[in-house]
Amino acid sequence: MVVLVPELTFLTGLSDQQRNSRMVKEVMWEMMQSPRQHYMRLTSLLQQIRGSPEASRELECWGLHLDMDICRTQGHILPSERINLRHRSFFPEEDLSWHREVTKEVSISAISVNSWLLVYPRRLQQLAKDLLAAVRSTCGAMGMQVGQPTVQELRDERIESYVKSIRSGLGSQEKVQLLVCITPRNRDDVYGAIKKLCCVQAPVPSQVINAQSLMGHPGKIRSVVQKVLLQINCKLGGQLWGVDIPL
């Protein structure tokens, strides 16, 4: 048994309330630094250590010496790779992202979704309608055709309800291409039960969507749905983009 003193411990991560605020963006902004920003921060830290008598004495006790500049080496900048879609090719932006292009252009290979199952709790009925509307408005630009799903509306949010409803839905149709589940919040137990059922017991491609990621302005739902459709296309055997690989 390990006993921790409460006054000497700190919670890690972010609570659900903090995760819904601007704090996530602020944390990501701090983590995603450019090479120049990393360099400036490290040199600033070295200067602070050099200017602190207490830090200098601590280093002397350990027999350590810190250079005041970061190790430099020769580097080579590789040329940008051309990203190929079905009808056009392009070079990515400086930040090496091409999400905008792949959500507005036809993928190399797009799979049509004709038979799929949508499962959600009753209290998220309106959110499910918004999800379907966003799917219909965004799938065409990617070259995907998505039909109307078979809907399973749950009376509660228990794990047993999800599993029972999914089994019933998969058993009532001859061929289900895809299962989409909306969960009310980020619950590992519900997610694990759904994936165990869909990966082991009744194999079918599945997509679990956290309801909180869909809440907000319409632009946010559209952005989330675009990313979900890209994942679904890959899970069903589609190909989003490619690069030129010479012999």
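Analyst: Two strands count as paired if DSSP finds at least two bridges between them. Strands (E, at least two residues) and helices (H or I, at least four) are DSSP runs, numbered from the N terminus. Keep in mind that this is a predicted model: local features need pLDDT of at least 70, side-chain atom pairs count only at pLDDT 80 or more, and totals for chains, interfaces and linings use all residues. Residues are numbered from 1 along each chain as its sequence is written, and side-chain values use heavy atoms, with hydrogens and water left out.

User: What makes strand 3 and strand 5 a pair?

Analyst: The rule asks for at least two bridges, and strand 3 (residues 116-121) and strand 5 have four, in the parallel sense, so they pass. Leu 117 sits opposite Leu 179 of strand 5. Strand 5 also pairs with strand 6 (residues 206-210), again parallel, over five bridges.

User: Why is strand 5 called largely enclosed?

Analyst: Buried means under 20% relative accessible area, exposed over 50%, and partly exposed in between (1.4 Å probe, protein chains only). Six of the six residues in strand 5 (residues 178-183) are buried, so the rest of the structure largely encloses it. Both faces are covered, with Leu 178, Val 180 and Ile 182 on one side and Leu 179, Cys 181 and Thr 183 on the other.

User: How do you know that helix 4 is hardly covered?

Analyst: Helix 4 (residues 53-62) has ten residues, and the number of buried ones is zero.

User: What makes Glu 157 and Arg 123 a salt bridge?

Analyst: A salt bridge needs a side-chain nitrogen of Lys or Arg within 4 Å of a carboxyl oxygen of Asp or Glu. Here the N to O distance is 2.3 Å, so the pair qualifies. Glu 157 lies in the loop between strand 4 (150-154) and helix 7 (159-172), and Arg 123 in the loop between strand 3 and helix 6 (125-138), so parts 34 residues apart in sequence get tied together.

User: Why is Glu 157 buried, and why is Arg 123 exposed?

Analyst: Glu 157 has a relative accessible area of 18%, so it is buried. Arg 123 comes in at 55%, so it counts as exposed.
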